[in-house]
Each structure stands twice: as structure tokens, then as C-alpha cells.
Amino acid sequence: MSKRNLLLTFLFLAVLISLPASLAMGAFDLSFLEAAQIIWSKLSGFTDFQDQRLAAVIWQIRLPRVLLSLMVGASLAISGAALQGLFRNPLADPSIIGISMGAALSAAVVIVLADGVLAANYSMGGISFLAVATFFGALITTFLIFRIAKEGKQVNVMNMLLAGIAINAIAAAGVGLLTFLADNEELRTLTFWTLGSLGGATWLSVGVLAISTFFSLYFLLPLFKSFNALALGEQEAAYMGVNTEKLKLKVIIFSALAIGTGVAFCGMISFVGLVVPHIIRLIFGGDYRILLPTSALGGGLLLCWADNLARTAVIPAELPIGILTALFGAPVFLYLILNRKKLQVK
Amino acid sequence: MNRFLVCFLFVISILLACNSQADKHVDELESTEVQPLRIVSLAGALTETVYSLGKADQLVGIDITSTYPDSITASLPKLGHISSINSEGVLSMRPDIVFVLKKGLRQELVQQLKAAGVTVKVIDQEFSINGTKQLIDTIAETLQAKAAADSLKAKIDADLAKVEALSSAKRALFIYARGAGNMSVGGKGTAVAQLIQLAGGVNVANDFEAYKPLTAEAMVKADPEMILFFQSALQSMGGPKALNQIPAIAQTKAGANESFVGMDGLFMAGFGPRVGEAALALNQQFKTVGNE
């Protein structure tokens, strides 16, 4: 078995083990067997489980949440890897194309201004107004940066980086202004939003995320050849037959879609998109044929276990997940940087 | 084109799956046997109301803003703050009913709790005497404690009746402080502003709503006769002597007379069942100011 397949099998098994393990963890005491019984009865549909509350905890709360963590983690990490490949910049992450700040600004607008006017609890078929606004906020900012960076028919990657910085600064100012206007409760809600939480997971959000994650995996995974070529330089890649303009468009669209959806339902979860591809790159080298799929699996794993800790560390309360992804990811990252010579396989 | 067909089929199947999920509603738990309800209360004023209605023994979980009375807050599990509450944590208390304020509530939390068959009472609190009475009535109705509610409301009216008229409306200001460098002032519509009015004073920060940081000059111009703080904040800032080190405060009448008052946060700004007492206490503080 090749190194790639071995690694993929290993990570895939880790995900498979994490799923039931995560289901058995949580504030509500119940055994793994009970969890399995409930899921079986729900899936098969014939034995109706007696204790409705127990069934609801597993089926309505825990299972959607664990699935959501895996999918959001996967889409954040693969988008991070793709953006790093596109920009040929190791520091590229969702904020570089304006997603984070654009989402933050629209979240702040909804939380602070629309609380009374539009009723932030207003729901569109079960999806909160906050989620819808955040999603579009993220996409609009990305589109704006993309437009600014466009020179004729070409998108200048350098311009995109610079436009990103400028647009981010404007959005940050907007968030600052809204922070000033916010009252105590709103400020608290906003702060927690920027730290992220998977607590709002419902089957509807799982469904939406499944679609966006599927799209990003389906369209980003086959791009490994282009990214490998792009690592040599944009012109070199073009000589090798890569349609770089099409590549840019694809990466921006599908990473913005994936990250935007994740941010809409879970708030800002930092570090996953930046750190997971890096960890893998430092251990296994920069081949995107390995990097893209392993980033997706690794991101899912990181977020899943970070969330398990978030919901069990201070039972019955909950820690914001953004704290944990940084706490998990950063030390590993530092360790790898310090030992990169020893670890480099190549 | 094949690719888009795959995507299309995938999206359709997900949509169908979601739809079939949405149709299944979990029926509410049938409570045929008469058992005392297990209550989770997720706001200080609500917890206090449940306690004052004599139902404290039914409380099984509270949030971090529930700070009164000590007898129950010390022993009950704390579920966090409403902006970050974990639905599974709430359910692990096996509640029958959850009381929660509308402000800052996430819709998903309500959905998840309802899915587990828990009754969720969302209360839209208004900072006024009527608002408090409505809040008491709503909770009392759910807990079937009408008699206790009537006596609570009577107590509020009795306390308010004891509020004495002042020779002039006292100019007061509430500072929400988290250390000397970070002081916000309570404007129009805030709970403390309403209490100041009930106690016969006037809130000098009248030209904006909610809490805003106030500049030193605006503070001097507003010139309050009394400055209110949360008790904890007053202590953390080092008491009256330290407060008068802050230039803006030293220039006001309140600063000159060291007329600083610290009150418990939930007591002063909670608008719970003790709102009458709070208004009376503040009224008595006002009487010590100026030429009463």
C-alpha cells in the first residue's frame, strides 16, 4: 500500500472510531449501548425507544452535533489547504479572502442592530436569520475582494491579498463600531459568536452542511494536480496546461461556500483551516495529492475531538470551541516547527 | 456534465432526508401522574421569582446570573450563561420546564429542548413595575402558585408606597465599571435608569440608550449628585477614595461629597420580585443627598 493510501486508511479509521466514541460522551449520562440502541431504533424504525428524553439527547442533539463537527472541520481544513495552494502562501486562511471578517460584520449587524427591528430569532424554515445573514455576508465580502483583484480577464493573486487586507480593515472597523453600540447582552453574544460553538446543531444544519461539504470535497479534491503545478509558479503552471483562471474561480467559489456555511451555523472557529494543512505538510511534505484528502479527514478529527472536550470539560456548561481548537492545534504546530528538520520525510 | 448530475442527485437526496426528519415531531411527555415539576431557570430574576413563589425545592439547575438567594445558588448546578448554554447540559438535569428570558436567547436552544419534550417558557422582560408583575404572573401560572404571586405583588406595591417624595429629583448616574479604564454609563431604558426614576431620582445620562462609555468631560457636564455602582465593581475599584482619583468623577458633586453607592447587581438591575425593596433602598440613599 502506498504511503498515501496507508495514511488515508488510518485517518478514515480514526474518524470511524471517533464517531461512536463521541456519541457516548456528554453531559447526559448514558452508556454506549443505549446510544447504539437508540440510533438503531431510529434508523430501522420499528422499535420505538421508550425514554423519549434519552432518545432526543442522542438523536436530536448529540448525533447532529458530532456529524456537524466532522463536516465543518473537514470543509474548513480542505478550504484552508486549497487557499494555501492557490495563494502559494503558507499563511493563507479563510480571513485572507475576507470570509471571516465579512461574516463577523454581518453577524454583528444582526446581533446588535436587528435584535429589535428584525427580530434575530426570525427563522427561515428553521434556519435562523443570523445564519442566513452571516452566510451572505461572507460570500459578498469574498465576491467584492475577487472583483477588486480582477484585471481584465485575469485575477491578480497579489491584488487579492492586498484587497483582502483593506476590506478586512473596513469590516473590522464596522465590527468595532457595532461593539461600541452594543449593550451588555449583545456584546456577550457577539463575543461568544467569534469563539464559535457547535451547540446549535440540528438535522437541518447537518443537511445544509452535508451539501456544502460534499460540493467542496467533490470539486476541490481533484485539483491536486493543478496545485502541485502551481507550486512551481503561476506561469509555469500555465505552461503545464493548467487553466489558472478557472482554478482560481473554482477554489474561491467552493472554499467560500464551504467556509461560509460553516461560519453561518457555528460562528468563527479559528485555526482549523490554517493549522491542519500545515501539520500534514510538515510531516508528509507538500504533495497536494496527499495533502487535500488528509486535511479534510484531519480537520474533521480535530474539530470533533475539540468539540467533545468543549461539551464535556465543564459539564453541565460548555467551553467555546475556538479556545480549544487553538489550544489543541497551536502546540502541535509549534512542536512541528521546532522539529521540522527531524520530521521531514522527504 | 456527469459531475453535475451526481451533485444534483446528492442535493435532492439530502433535501428529502431533511424533510422526512422535519415531519417527525416528538410528542410532549405525558404527565399523567402528579409529580412536582423539575425546573431549570436561566436568568437571575426568574430564579429569584421561582424562589419567592416558594418553589425553590423544585429547582434543579440555574445559570450564572442567578445569584440570589445564597441558600439555593450555592447548591444548584450552574449551566453557564445564556449566550453559551449547552442544551445537553440543561437536559442532563432532567427538567420538565425551562424558564428563560427572550433577550440573547438562541432559537436552536429552544428547538433542541422542545425536541426532548421539555416545556420552554420564554419570557420577554420589561424593566418596569408592570413588567415585573407580569413576569411573576407568568411563572406563577405555570407553577400554579397564584396565591403566592398575589402576596408578592402586594409586597412590591407596599414597598413602593413607602418611597418618600424628595424635595427635588436627585440627579443620579449609574456606572457599569470593569476597572478604572473601562467605565460605561447606563443611558435611557436601562434597568438602573428605570429604578432611579422609581426611587424619585433622574438619570442624568439621558441622551442615549443602553450602556455607553462616557468621556471625562461629559461626566463633568452631567454633574450627578450620586453615582451608583454594582457592589462588586465598587469594591474592585478600591472604594470611594480610589474613585476620587479618577479626574472626571472628582469634579462632580457626587465626587465632592463622596456620594457613591454600591448595590448588588441582581437586586438593583434585575427587576425581579425585590424591585420594590430596591426602589425603597435607593430612595433612602437619595434622602441622604443634599438638603433633605
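1. The predictor gives the complex a pTM of 0.82 and an ipTM of 0.73. For chain B, the average pLDDT is 85, and 90% of the residues score at least 70. Within chain B, strand 1 (residues 39-41) has the highest confidence, at 95, while helix 1 (residues 2-23) has the lowest, with a mean of 67.

2. There's one stretch to handle with care. Over residues 22-32 of chain B, pLDDT stays under 50, and the model has seven contacts beyond four places in sequence for this stretch. Where pLDDT is low, the predicted coordinates should not be read in detail.

3. Now for chain B as a whole. Its C-alpha trace spans about 80 × 60 × 30 Å along the principal axes, and chain B holds 15 helices and 10 strands. Of its 292 residues, 45% are buried. If you take the contacts in chain B between residues at least 6 apart in sequence, 61% of them join residues at least 24 apart.

4. Chain B comes in two parts. The domain assignment gives domain 1 (39-160) and domain 2 (165-287), and the C-alpha centres of these two domains of chain B lie 27 Å apart. Where they meet, 19 residues of domain 1 are in contact with 13 residues of domain 2. On the domain 1 side, helix 2 (44-52), helix 6 (129-143) and helix 7 (146-161) of chain B each supply at least two residues. By class, that side of domain 1 divides into eight nonpolar, eight polar and three charged residues.

5. Helix 2 of chain B deserves a look of its own. How many of its nine residues are buried? Nine of the nine are, so helix 2 of chain B is largely enclosed by the rest of the structure. The buried residues include Leu46(B), Val50(B) and Tyr51(B), but also Thr47(B), Glu48(B) and Ser52(B). After helix 2 of chain B comes Gly54(B), with a positive phi near 80 degrees.

6. Next, the largest nonpolar core. It has 197 residues, and Leu195(B) and Leu228(B) are the ones that touch the most other members. Which element gives the most to this core? That's helix 3 (residues 52-87) of chain A, with 22 residues. Domain 1 and domain 2 of chain B both give residues to the core as well, so it lies between them. As background, nonpolar side chains tend to be buried together in soluble globular proteins.

7. Zoom in on Leu228(B) and its surroundings. Leaving out residues up to four places away in sequence, Leu228(B) touches Ala172(B), Leu173(B), Phe174(B), Val192(B), Val261(B) and Met263(B). Two of these names come back in strand 10 (residues 260-263) of chain B: Val261(B) and Met263(B) make up its covered face, while Phe260(B) and Gly262(B) make up the uncovered one. In a regular strand the side chains alternate between the two faces of the sheet. Strand 10 of chain B runs parallel to strand 9 (residues 226-230) of chain B, and four bridges join the two. Ile227(B), for instance, has Phe260(B) as its bridge partner in strand 10 of chain B.

8. Ala222(B) sits in helix 9 (residues 216-222) of chain B. Is Ala222(B) buried or partly exposed? It counts as partly exposed, because it has 18 C-beta neighbours inside 10 Å, and 20 or more would be needed for buried. Not counting residues up to four places away in sequence, Ala222(B) touches Leu173(B), Val204(B) and Ala205(B). Asn206(B) is 16 residues away along the chain, with its C-alpha atom 9.4 Å from that of Ala222(B).

9. Then there's the meeting of the two chains. Here 38 residues of chain A are in contact with 37 residues of chain B. On the chain A side, the elements giving two or more residues are helix 3, helix 7 (184-195) and helix 8 (203-220) of chain A. Helix 8 of chain A has the largest share, eight residues. Sorted by class, the chain A side has 17 nonpolar, 13 polar and eight charged residues.

10. A last stop in chain A is Val157(A), in helix 6 (residues 157-181) of chain A. With 17 C-beta neighbours inside 10 Å, Val157(A) counts as partly exposed. Val157(A) and Thr325(A) are 168 residues apart in sequence, and their C-alpha atoms are 29 Å apart in space.

Definitions and conventions: Residues are numbered from 1 along each chain as its sequence is written. Chains are lettered from A and ligands numbered from 1 in the order in which they are written. A nonpolar core is a set of buried Ala, Val, Leu, Ile, Met, Phe, Trp, Tyr and Cys residues joined through C-beta atoms within 7 Å. A residue is buried if 20 or more other C-beta atoms lie within 10 Å of its own, exposed if 12 or fewer, and partly exposed in between; C-beta atoms are placed from the backbone. Domain bounds come from an automatic or database domain assignment. Two residues are in contact if their C-beta atoms, placed from the backbone, lie within 7 Å. Ala, Val, Leu, Ile, Met, Phe, Trp, Tyr, Cys and Pro count as nonpolar, Asp, Glu, Lys and Arg as charged, and the others, Gly among them, as polar. pLDDT is the predictor's confidence in each residue, from 0 to 100. Two strands pair if DSSP finds at least two bridges between them.
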